[in-house]
Amino acid sequence: MDQGTIIAGCGVVTAIGLDTASCLDALSNGRDGVGEMQRLVSTHRGALPVAEVKKTNEELAEMTGMPGCINRTALLSAQAALEAVRDAGIDSFSGFRTGFISANTVGGMDSTEDFFPFYMKDPDSGRLRQVMHHECGSVTDLVAARLGIKDYVTTISTACSSSANAIFHAARLIRAGQLDIAVAGGADALSRFTLNGFNTLMILDAEPCRPFDEERHGLNLGEGAGYLVLLSDEAAKKLGTRTDVRLTGHCNANDAYHQTASSPDGTGSFMAMQGALRMAGLDPAQVSYINLHGTGTQNNDVAEGTAIARLFGESAPPMSSTKSFTGHTLGASGGVEAVFSVLAIRHGIMYPNLRFRQRMKELPFSPLTEFRSGQRISHVLSNSFGFGGNCSSLLFSAT
Amino acid sequence: MNIHIHSAACISPGSSWEDLHEPDYAKVLDPRMLRRMSRVIKMGAAAAMDTMSRSESKMPDAIIVGTAYGCLQDTETFLSKMVEQQEQLLTPTAFIQSTHNTVGAQVALMLGCHGYNNTFVHRGHSFESALLDASLLLDEGYGMILAGGVDEATDTSRHLLHRFKVPAGEGSAFFTLSNGPRPDSMARLTGLRLIRDAGPDEVAAAADDLIRSSDTVSTPVDLILQGGQKGHPSGMADELLGERYAGAQRIAYKTISGDHPTVSGFALWMAADLLHKGSLDGKPVNKILVHNSWLERYTSLFLVEHA
C-alpha cells in the first residue's frame, strides 16, 4: 500500500469567501453565506435563501483575467483553480506532465438559460455566444487554457459527488505514472435551472439549512469552486512544495436504490466510506473528523448518519457539515469540502455545524457546534453523495 | 495496455452497415422503466444491457460512461417549462433525468450494481476518458468493467449545432472490458492516446509511437478506421496515416455512423466486430488503427487487435 498522493495546494471560492483565507476566517467566526438572492434573477427571490458568491461576473472576470462574457461556472472555476496553483507555489508546469481534471453539473447553464427564451420565440435568434460554452467540458477547457494546462484535460459530472471523483481520478493518474501534477476539483454556479429543479423536488429549505438536525427542512443551494493541486513525490521534490497532507484513501460506490433518494440504511454511503478507510488501511476509530455531505435534507442526513453509525459504531469522531456555511454547491461541493478537509489537517481545526439544535432521533451522535482549534488532526473523511446514487468518500491524512 | 473486449453493442441511426439499427427497446429494457426513459437514456441503457447479456459475467465491477451533451431532451423540456410557466408549478421528472450521470445511474439501478460508477463529460474526449479510467481501474485489479459512450441529437440541438456548423449525429456504444483473456473475447484494446489541438504531423507521430509501444510492433496494421474530416487538418491526418500504413485497408467510418462527440465508441465497436470476424472483403484483419477527431481539437487514437 502506498502512502497516498501529495496535496500541495488548495483554492476555494464560496458564499463565505473569495479564497481560502477569507473562507477560513468565516468558518472560524461562524459567519455563513446564506441569505436573500442578490444576483440571480428569479421569481423565487425573497422566498428561497441561497448562498451566492458575493461578486458579479464582471468582477470575477477581472479578478481572474478571464473574458467577461463567459459563464459564471467558468469564472468561479478559474478563481479557485488559480489560487490552488499559487498556493502550491508553482510558477510553471514546464517539464511536468500536467492535467486539469474538473467537474461541474450545470456547465454554462447560467448563460444558456438567458439565451433560451429568445430561442423559444425564434430558433434563429439569441446570441450564440451565450450557448457556445454550454457543455460541461467547454467550461473546463476555458479554465485549462487560463491555467496553461494541456497534457490531459477532462471533465466529470456525477451530480453532487462530481468533484470528489475528479480529485481521485487525478490521484489515480499520478499513481499510475501518467501525470506528474494535476489540478483537480470542481465548480458550479447558481442558475434558475437548478434552483427550480431542486424546488420541484421539495427539498429546499425556506430558511437557512440545519444539517443533521431533527427539525431540518432541506438544503440551501450555493455556488462556488474548490480545487487541489496533487503531485507525485518526485514532482514535489523537484518543485520543493509542501508535503504535509496526502490523499490516502478514496472510494466510489453506487447506492443503486433510486434516482434521487438514498437508501434508508445508506448502502452507497457506507460502502464509499468503508472503501476509503480500507484503501488507507485505517480503522474507523483513527478518523479525526468527518466533513459530512450533510445537505440538510430529510433523506440524505438520515441515510448518511445511519451509514456512519453502522461503520463507526461507538467511535464516531467529531463531524460537521460546512454546507451550513456555504450551502450545497452541487458539483463543486466535493472540491470545496476537500479544501476544507485539507485545511483542517494543515491548521489543526474542526468546523462547527451551524444552527444545530436537536439530535436526530435515529442517530447516537450529534455534530460539532463550535469551531475547534489547536487539534491534532491526523485523518479527515470527506463525504459527497449525489443523485443517481453516486457516493464518493475521500480520506486525507497528515503525512 | 492489453484490455480484452468481451462483448460490444452499438446503436446507430446509420442503416448501411450490416445489422446496425435502433432496436426494439422493449426487448432489451424493462417496459416499466422504459416508459419514463427519454431517448438518450434508452440508447445508452439498451446498448449497455445488450452488451451485458452477451457477457459471461453478469455483474460489472464498475460502470463508466462518456457523454458530451448528457440528457438534452430532458434539459430542454425542463428549461422550456421553466420559461413558459415563469418558474411556477413545475414538475421534477425532466429535471431528475437531465443530469449527465443519469445513463450510468439507470444502468447501475437496472443491474443492482454497487460498484464504481463514473461519467465523463469532456466534449470529443468523453468516451476516451471513460476508456482511460477503465484502463486505470483494470490495472488496479478490477475484474470486469462496463464502459460506453452515448450522445443524442434533438430538434433543438440539431438546429443550434447547425448554426454553429457542427455535425449533429447521435448513437451509443457499450463494451465489457477486462484484463484477462476470456473464451468469448472479441478483440483487445492495446493502445489509447488522447491528444488536444494536434496537427496532422503530431497525430501521425503519435500513431507511430502508439504502434511502437505495443507488443506486436512487427505485425502490420491491416485496417485504418479514419475519422477525420476531408479538407481539414484531421482529413490530412487520415491521409498521412494511410500513407504510413500503406498496406492497410481503410474505412471512413463516419460515412456510416454520422458524427457526434462520442462517435469513437462506434469506431471501437466496428473494430471489435471486424476483428472478431477476422476479415474484411476477403482480406485478414488482425490489427486496426482507429483515428477519431472532433471539432479539429480532440483527437484520439486506438490500437485494437485480435483477441
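How many salt bridges does the structure hold over all chains? The structure, which is a predicted model, holds 33 salt bridges over all chains, and one pair crosses between chains, running from A:Arg175 in helix H6 (residues 162-175) of chain A to B:Glu140 in the loop between H7 and strand E4 (144-151) of chain B.

**Extent of the interface**

- The contact draws 64 residues from chain A and 55 residues from chain B, and the area buried between the two chains is about 5,000 Å², with carbon and sulfur atoms giving 60% of that area.
- Of the area that chain B buries against chain A, 14% is supplied by B:Glu87, B:His114 and B:Arg163, more than by any other three residues.

**Polar and charged pairing**

- Between chain B and chain A there are 30 residue pairs in polar contact, counted where both residues have pLDDT 80 or more.
- The rule finds 5 salt bridges across this interface, one of which joins A:Arg175 to B:Glu140, with the closest N and O atoms 2.9 Å apart.
- Side chains of opposite charge can pair when their charged atoms come close.

**The side of chain B that touches chain A**

- At least two residues each are supplied to this side of chain B by helix H4 (72-84), helix H5 (93-97), helix H6 (102-111), strand E3 (116-120), helix H7 (126-139), helix H8 (155-164) and strand E6 (187-196).
- Among the contributors to this side, H4(B) gives the largest share, which amounts to 8 residues.
- By residue class, the side of chain B that touches chain A divides into 25 nonpolar, 21 polar and 9 charged residues.

**Confidence in chain B**

- Chain B averages a pLDDT of 94, and 97% of its residues score at least 70.
- Over residues 15-20 of chain B, however, pLDDT stays under 50, and for this stretch the model has 14 contacts beyond four places in sequence.
- Where pLDDT is low, the predicted coordinates should not be read in detail.

How values were computed. Residues numbered from 1 in each chain as written. Chains lettered and ligands numbered in written order. Heavy atoms only, no water. Contact = heavy atoms within 4.5 Å. Buried area = accessible area lost by both parts, 1.4 Å probe. Salt bridge = Lys/Arg side-chain N within 4 Å of Asp/Glu carboxyl O. Polar contact = N/O pair within 3.5 Å; in protein donor to acceptor, adjacent residues only side chain to side chain. Helix = DSSP H or I, 4+ residues; strand = E, 2+ residues; numbered from the N terminus. Nonpolar A, V, L, I, M, F, W, Y, C, P; charged D, E, K, R; others polar. pLDDT = per-residue confidence, 0-100.
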